[in-house]
Amino acid sequence: MAFALSPLPYPDTALAPAVSAETLSFHYGKHHQAYIDKMNAAIEGTDHADAAMEDIVAAARGSNQGLFNNAAQSWNHAFYWHSMAAESTAPSAELAAKIDEAFGSIDELKQQLKDRGAGHFASGWVWLAEKDGKLSIEETHDGDTLADSDFNPLLTIDVWEHAYYLDHQNKRPAYLDAVIEQKLNWAFASENLARGTTWTYAS
């Protein structure tokens, strides 16, 4: 079973000016599509051909770096698109309480996400995640992922340069500020927390 590129959950203009339609045309339409295509080519005719993407990520980790990179990046990008919304939503009461417990306030969480994202060296991902009932900010480098980890990822922010360069050039903090203040999908994070298990990719 080949995977299809999962559709964006909003029009390609919905994230502007934080993330422009031009950036989405390259990042989603070319980068994300390329990861999907390479993963599909790698699993064709193998035992992974009918597996869930999360299982492919787990099986390839440490044993097939090429497949892992493309499967993990396919998953990360789909999760990232859902981590944003045309208009920033509000966290559920459950998520809000856990944010206050872990960070003191949602404003402090936002600031820590900005700081961690700006301070992340080179390419990677910054995550809000839950483990054993507690929230934390996690970082993964390059194409790594939390899809097969002990954490339940709630939302993620892409800090690869191609996620923001067309809109903000080398000003990663400006991109982070725009996304975190205006576009984070707290409803999606709330759903992930309430479900209690890792989100699954659906074409």
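In this predicted model, the span of residues 3–85 is 59% helix and 0% strand, and its end C-alpha atoms lie 24 Å apart.

The domain assignment of the protein gives two parts: domain 1 comprises residues 21–83, and domain 2 comprises residues 93–195. A distance of 20 Å separates the C-alpha centres of domain 1 and domain 2. The contact between them involves 19 residues of domain 1 and 25 residues of domain 2.

The extent of this interface can also be expressed as area. Between domain 1 and domain 2 about 1,900 Å² is buried, and carbon and sulfur atoms give 59% of that area. Within domain 1, the residues that lose the most area to domain 2 are F79, Y80 and S83, which together account for 30% of what that side buries.

Polar interactions also cross the interface. Between domain 1 and domain 2 there are 13 residue pairs in polar contact, counting pairs with both residues at pLDDT 80 or more. On the side of domain 1 that touches domain 2, at least two residues each are supplied by α1 (21–43), α2 (53–60) and α3 (65–82). Of the elements on that side, α3 gives the most, with nine residues. By residue class, the side of domain 1 that touches domain 2 consists of nine nonpolar, eight polar and two charged residues.

Charge pairing can be considered next. Side chains of opposite charge can pair when their charged atoms come close. The whole structure contains six salt bridges, and the count between domain 1 and domain 2 is two.

Which residue forms a salt bridge with R61? The partner is D148, and the closest N and O atoms of the two residues are 2.8 Å apart. R61 is located in the loop between α2 and α3, whereas D148 is located in the loop between β2 (134–141) and β3 (152–158), so this pair ties together parts that are 87 residues apart in sequence.

Methods: Residues are numbered from 1 along each chain as its sequence is written. This is a predicted model: local features need pLDDT of at least 70, side-chain atom pairs count only at pLDDT 80 or more; totals for chains, interfaces and linings use all residues. Side-chain values use heavy atoms; hydrogens and water are left out. Domain bounds come from an automatic or database domain assignment. Contact means heavy atoms within 4.5 Å. Buried area is the accessible area (1.4 Å probe) that two parts lose on being put together, summed over both. A salt bridge is a side-chain nitrogen of Lys or Arg within 4 Å of a carboxyl oxygen of Asp or Glu. A polar contact is a pair of N or O atoms within 3.5 Å; within protein, one must be able to donate a hydrogen and the other to accept it, and residues adjacent in sequence count only if both atoms are side-chain atoms. Helices (H or I, at least four residues) and strands (E, at least two) are DSSP runs, numbered from the N terminus. Ala, Val, Leu, Ile, Met, Phe, Trp, Tyr, Cys and Pro count as nonpolar, Asp, Glu, Lys and Arg as charged, and the others, Gly among them, as polar.
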